[in-house]
Amino acid sequence: MLTYPDLDPVVVAVGPLKVHWYGLMYLFGFSVAWMLARWRGTRAGWSSDQVDDLIFYGVIGTIIGGRVGYMLFYGFNQILDNPLNLFRVWEGGMSFHGGLIGVLLAIWFFAHRQRLHFFQVADFVAPLVPPGLFAGRLGNFINGELWGQRTDLPWGMRLPCAQFPMQCADQPPATLWSPPVHPSQLYEAALEGLVLLLILWLFSNKPRPMMAVSGVFLVGYGSFRFVVEFIRLPDVQIGYLAFNWLTMGQLLTLPMILSGALLLALAYRHRAIS
């Protein structure tokens, strides 16, 4: 079995100022998205200013949407306890689904200003997202959050009880390590990040009907997320919503899968090349 490495979520601290790995992971994801957008933009006939504006709007939409979405979907009681908790982004707590809504609004705003069709921009953006998902899941791993259920598989990860007491709640008091659990953050990093990037990059490398790339993204992410949620522990403040297995993540992901399938059906019915 593997053991969780001694990772400090803080990269460097100077007085009250702290730089967290979680924040750097987002910076990495945005930087890779910008570089890929510049490369794709050249092929698509977009100017560098257009690409820069799009990434800027996307960053704002991701951060605001992701944080607001998390607090509404998963941590509403934290807002009631202290509204300033909404701004404590460095502690983790970003919702993909909230970030997606923020990015969709950013795409709409950019498309409106540039007089482009919404799905022209959405299809351009979709392959840029997985690197950020990959980096964000690594940030979850470093933060020691979003663990999976217990497992006997050889890559199951033992956690130090002193750092993760909830994982050791049913163990004897002197226990040092938890039973091995699924490192579900790494599963999601691989599937939502690397595998989805490969699928989207290969799929979008040829001319496709408008909405098709967006549809593949929604179906791909939604399917990967839905499957991993079966072994990922639900947020403790919410638990399972029904059937002792349905999670909030799965509930929010189902509309993505259905919407993606609808977009693909419409795309190949009308076949307007984006």
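Contact here means heavy atoms within 4.5 Å. The model is predicted, so local features need pLDDT of at least 70 and side-chain atom pairs count only at pLDDT 80 or more, while totals for chains, interfaces and linings use all residues. Residues are numbered from 1 along each chain as its sequence is written, and side-chain values use heavy atoms, with hydrogens and water left out.

**View 1. Val121 and the largest nonpolar core.** Leaving out residues up to four places away in sequence, Val121 touches Trp46, Leu54, Ile107, Phe110, Ala111 and Leu116. Val121 and Phe217 have the most contacts inside the largest nonpolar core, which has 39 residues. A core of this kind is a set of buried Ala, Val, Leu, Ile, Met, Phe, Trp, Tyr and Cys residues joined through side-chain atoms within 4.5 Å. Buried means under 20% relative accessible area, exposed over 50%, and partly exposed in between (1.4 Å probe, protein chains only). The elements giving two or more residues to the core are α1 (21–44), α2 (48–73), α4 (96–114), α5 (118–125), α7 (184–204), α8 (212–228) and α9 (248–270). Helices (H or I, at least four residues) and strands (E, at least two) are DSSP runs, numbered from the N terminus. There is also a second, separate core of seven residues, with Tyr4, Phe141, Met157 and Leu159 among them.

**View 2. Helix α1 against helix α6.** The axes of α1 and α6 (residues 130–143) come within 8 Å and cross at roughly 170 degrees. Axes are lines fitted to C-alpha atoms, for helices over the stretch in contact, and angles run from 0 to 180 degrees between N-to-C directions. That makes α1 roughly antiparallel to α6, a label for angles over 145 degrees. On the α1 side, the residues are Trp21, Tyr22, Met25, Phe28, Gly29, Val32 and Leu36. They meet Pro131, Gly132, Ala135, Gly136, Leu138, Gly139, Asn140, Ile142 and Asn143 in α6. By type, the contact has ten nonpolar, six polar and no charged residues. Here Ala, Val, Leu, Ile, Met, Phe, Trp, Tyr, Cys and Pro count as nonpolar, Asp, Glu, Lys and Arg as charged, and the others, Gly among them, as polar.

**View 3. Phe30 in helix α1.** Not counting residues up to four places away in sequence, Phe30 touches Val59, Thr62 and Ile63. Phe30 and Pro131 sit 101 residues apart in sequence and 8.2 Å apart in space, C-alpha to C-alpha.

**View 4. The disulfide of Cys161 and Cys168.** The sulfurs of this pair are 2.1 Å apart, and a disulfide is a pair of cysteine sulfur atoms within 2.5 Å. By that rule, the count comes to one disulfide. The link of Cys161 and Cys168 is left-handed, with -85 degrees about the S-S bond. Cys161 is buried at a relative accessible area of 10%, and Cys168 is buried at 9%.

**View 5. Arg115, a non-glycine with a positive phi.** Most residues other than glycine have a negative phi. Arg115, though, has a phi of about 55 degrees. Arg115 lies in the loop between α4 and α5 and is exposed, with a relative accessible area of 78%.

**View 6. Leu146 and Ser184 in contact.** Leu146 also has a positive phi, about 65 degrees, although it is not a glycine. Leu146 belongs to the loop between α6 and β4 (157–158) and is partly exposed at 23% relative accessibility. Ser184, in helix α7, is buried at 0%. Setting aside neighbours within four places in sequence, Ser184 is in contact with Leu146, Trp147, Gly148, Val228, Ile231 and Arg232.

Key:
Angles under 35 degrees count as roughly parallel, over 145 as roughly antiparallel, 65 to 115 as roughly perpendicular and the rest as oblique.
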